Amino acid sequence: MFDERKTSIGSSPHDRRAAARLRGQGCFVADVALRDPLHLAFVRSSAARGRIARLDASDALDVDGVHAVHVGEDVTGLGNLSVNEVLPLFRRPPFPILVQEHVGALGQPLAAVLADTPHGALDGAEAVDVDIVDGEVISRDAIAVKNWRTGDPDVTFAEADHVVEVTIRHPRLAPSPMETRGIAVEWAEDRVTIWLSTQTPHRARSEIASILGIDPDRLRVIAPDVGGAFGMKGSVYPEEVFAVWAALRHKRSVRWIAARGEDMLSATQGRGVTSRGRLAFTANGQFLALEARVEAPLGPWLPNSGLVPAWNAARILPGPYDIETVDIETKAVPMADAPVGIYRGAGRPEAACLMERLVERAAGVLDRCAMDLRVQNAHRSGALPVRTATGNLLDSGDYSATLCRAAEVSGYAQLLEDRTKARAEGRLFGIGTAFYLEPSGEGFESARVTLEATGNVLVASGSSSQGHGRETAYAQIAAEVFKVPLDSIEVVQGDTDTCPAGIGAVASRGTAIGGSAVFAAAEQVRARQLRGDTFPITEEVRYENEGQAWGHGVYVVTVEIDRETGVPALGPVMCLDDAGRLVNPAFVVGQVRGGFAQGLGEALMEQMVYEDGQLLTGSFMDYAMPRAADMPVLDIHKTESPSPMNALGAKGVGEAGTIGAPAAILNAVLDALAPLGVEHLDMPLTPCKIWSAMRAAEEKKT
């Protein structure tokens, strides 16, 4: 018998796509069958900057199977990539498909080789002779700046009882999805079909068409199974634009699958932000004013959402705390490294780390419990919704109550006793807490819902998925409205031909906005059904939220550091997340676990390292990522304060772990080292870095 409680909103049916993927029956870009394709390989710059003095492709054309070699001159006159100007942009960097003269970063594509086989293309690329000589040094002048200033910060800081300051330097990170970038282009006389590993199929279609100067109707973009993305696949890349250009030019199908090293070298990276902050407060712990300066790196070209990390890292401040006086500035600065874009969290972890370190420093000055200090200054019940000093509307919740709940479920009082006992025994034991905010995306998503006379329902979503289980969640939303079993609902997405337009899977928007679009369309169909309309009944909705939904939560971490080796060992971690109304609680737990793993990676081990313009961490032999054995036990809890900003009342949670984990782990490690006098460390907190700080502190005492 059908039991809607097991399938509709709030239940946790299994991901309907998981079994096929586990059996290897998914279809990723590399699996797409093309008719007689040309395979694509790129000649990349081995220098971080310079001028191309010579580029000779004659030998490459002699390589067996090579069909053509193209250089920058062949793709002149193409358009630029559009940019979401969340910050005022002074000047826009160029978007070279193939570099023509001046190299702006290591790994930029200089030439492209098309061949009958993948190996033939690689052999042809090896045969291209390139000489790069010294050229112009890239300007480090900011290309985008924004300020927020309220009250009189100068006077407030001058009159405050106490002021603390911190500097946080985030490592550059490689997003590293399991599936690398890839594109398969099927050429036809009338129309081109593109299979693309992307988070934004509709945007990719419009961007590629605009850059190439062709009618978007000539392109169909399909995002098949996407093996992870994490923001790295939110923008169109020069290589992808070239693949479509080459298919149109040669009237042949084209495939390009990036090698892992190519992604490490030339895909967008994340983080790299440096934030400096000062916090003014009274003798009784009341926060008075915040000053912050944020500098975010950019690469040689600007992805669609390339300005978002700089924007979020500043405008989310002062986080959950009631601080009316602020002086905040953020700037985006070009550098001669890989392009920087959104990476899971996209500025949110940077804001949390700065604010939460300031809170810990304030607690140390006052000799106060850091948890109590947070409760004192967080927005309380009845205060929300509230407009922050940076103009954001925090929609719902009770931040003080969330902190109190976190203290209760984590056994915080006992953890304090454990720390006292451990320190008495000479052990380096620390507690780290972090309160985070996670704003979901803004704007629209679309959905088309069709109800057949048989009772079957077809949901076509303009959003997309890269392993979220969104097909199941959207089916649950429709099942809630129509009171039908899940197996009577089909969900399609990620195809510009069969689905209505949408922005895609970025900024934790999929449930809050995309799900609300499904809900609204289903409600309209249901109303027509009850009126007795003739089947099939179809409604299409372009849903735009009332404003951002702000998820929030608290993470509490304990760590013990080995005095002999500097190795940090994490104890059980308490995660308390408020994602508003939950569609599928099991999916939320999965998002928290995955996000925490990536947050742990930033905190303890991941970093892209350059030296003299060369990348030293260009493979997984050198770039460390968390393994299953590195993960601590997660004790995951939830609260639910529905958001008034969307039809479902949902908030984002996909980035929660990457926001809360780094700040909590950083606080825990520095708390453990506090008895030695260590006050600052930059992430990643590797054993070598911790051990060196311990030795330096001991030498300073002697």
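Okay, hi everyone. Keep in mind as I go that this is a predicted model. I'll start on the inside.

The largest nonpolar core has 110 residues, and L307, I665 and L673 are the ones that touch the most other members. Which helix gives this core its largest share? That's helix 16, residues 656-673, which puts in 12 residues. Leaving out residues up to four places away in sequence, I665 touches V557, L570, F596, L600, A603, L604 and L685. Apart from that core there's another one, with 40 residues, including V75, F95, F242 and V244. If you're wondering about the general idea, nonpolar side chains tend to be buried together in soluble globular proteins.

Next up, charges. Side chains of opposite charge can pair when their charged atoms come close. In this model, the count comes to 46 salt bridges.

Take R92 and E85, whose side chains meet in a salt bridge at 2.8 Å, N to O.

The next pair is D116 and R252, and here the closest N and O atoms are 3.7 Å apart. What I like is where the partners sit, because they link distant parts of the chain, 136 residues apart. D116 is in the loop between strand 5 (109-115) and helix 3 (118-126), while R252 is in the loop between helix 6 (238-250) and strand 13 (254-257). D116 is partly exposed, with a relative accessible area of 44%, whereas R252 is buried, at 17%.

Then there's K651 with D578, a salt bridge at 3.9 Å, N to O. K651 lies in the loop between strand 30 (634-639) and helix 16, and D578 is in strand 27 (residues 573-578), so this pair ties together parts that are 73 residues apart in sequence.

Last stop, strand 11, residues 192-196. How many of its residues are buried? 5 of its 5. In a regular strand, side chains alternate between the two faces of the sheet. Now look at strand 11 with that in mind: V192, I194 and L196 point one way, T193 and W195 point the other way, and all are buried.

Strand 11 has neighbours to talk about. One is strand 10, residues 182-186, which runs antiparallel to strand 11 and is joined to it by 4 bridges. The two form a hairpin with 5 residues between them, and E186 has T193 as its bridge partner. Another is strand 12, residues 219-222, which runs parallel to strand 11, again with 4 bridges. Over there, W195 stands opposite I222. And how does the chain get from strand 11 to strand 12? It crosses through helix 5, residues 201-212, and this β-α-β crossover is right-handed.

Key:
Residues numbered from 1 in each chain as written. Predicted model: local features only at pLDDT ≥ 70, side-chain atom pairs only at ≥ 80, totals over all residues. Heavy atoms only, no water. Core = buried A, V, L, I, M, F, W, Y, C linked by side-chain atoms within 4.5 Å. Buried < 20%, exposed > 50% of the residue type's maximum accessible area, 1.4 Å probe, protein only. Contact = heavy atoms within 4.5 Å. Salt bridge = Lys/Arg side-chain N within 4 Å of Asp/Glu carboxyl O. Pairing = 2+ DSSP bridges. Right-handed = clockwise from strand over helix to strand, strands pointing away.
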